[in-house]
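Subject: Structure for your review

Dear colleague,

Please find below the structure that I am handing over to you. My notes on it follow directly after.

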Amino acid sequence: MNFDYTKHNVGNIDRLIRAAVGVVLIAGVFFGVHWVAGLIGAVLLATAWFQFCPAYALFDFSSDKDVAPVGK
């Protein structure tokens, strides 16, 4: 388990999916979806922006093909 946030563990496709779903969830708050969905959307946008997912680091996983898994 390595929480070094300077090492990216989110790949480009994963990043695009996170950003798109995050924007949809945040926009949904303005159309009547519960505010928790907006909070989840904000977390998804943040992980897409920083290219680091703490859950991936917890399980030593990386979707970024350019780097080795975080724990290796």
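Does Gln 51 count as buried or exposed, and at what relative accessibility? The model is a predicted one, and in it Gln 51 has a relative accessibility of 14%, so this residue counts as buried. Gln 51 is located in the loop that lies between H2 and helix H3 (54–58). Its backbone also deserves a remark: although Gln 51 is not a glycine, its phi is positive, at about 55 degrees. For context, most residues other than glycine have a negative phi.

A positive phi occurs at Asp 60 as well, with a value near 50 degrees in a residue that is likewise other than glycine. Asp 60 belongs to the segment after H3. Its relative accessible area is 31%, and Asp 60 is therefore partly exposed, as values between 20% and 50% are classed.

Turning to the overall fold, the secondary structure of the protein chain consists of three helices and zero strands. Read from the N terminus, the order of elements is α-α-α.

The packing of two of these helices can be described in some detail. In general, a pair of packed helices is described by the angle between their axes and the distance between the axes. For helix H1 (residues 12–29) and helix H2 (residues 35–50), the axes come within 7 Å and cross at roughly 155 degrees. Since angles over 145 degrees count as roughly antiparallel, H1 is therefore roughly antiparallel to H2. The crossing of H1 past H2 is left-handed.

On the H1 side, the contact is made by Arg 15, Arg 18, Ala 19, Val 21, Gly 22, Val 23, Leu 25, Ile 26 and Val 29. H2 contributes Trp 35, Ala 37, Gly 38, Ile 40, Gly 41, Ala 42, Leu 44, Leu 45, Thr 47, Ala 48 and Trp 49. By class, the residues of this contact of H1 with H2 comprise 14 nonpolar, four polar and two charged.

Some totals for the protein chain complete the account. The chain has 72 residues, of which 29% count as buried. When contacts between residues at least 6 apart in sequence are considered, 64% of them join residues at least 24 apart.

With kind regards

Methods
Residues numbered from 1 in each chain as written. Predicted model: local features only at pLDDT ≥ 70, side-chain atom pairs only at ≥ 80, totals over all residues. Heavy atoms only, no water. Axes fitted to C-alpha atoms, helices over the stretch in contact; angles between N-to-C directions. Helix = DSSP H or I, 4+ residues; strand = E, 2+ residues; numbered from the N terminus. Parallel < 35°, antiparallel > 145°, perpendicular 65-115°, else oblique. Left-handed = near helix turned anticlockwise from the far one by under 90°. Contact = heavy atoms within 4.5 Å. Nonpolar A, V, L, I, M, F, W, Y, C, P; charged D, E, K, R; others polar. Buried < 20%, exposed > 50% of the residue type's maximum accessible area, 1.4 Å probe, protein only.
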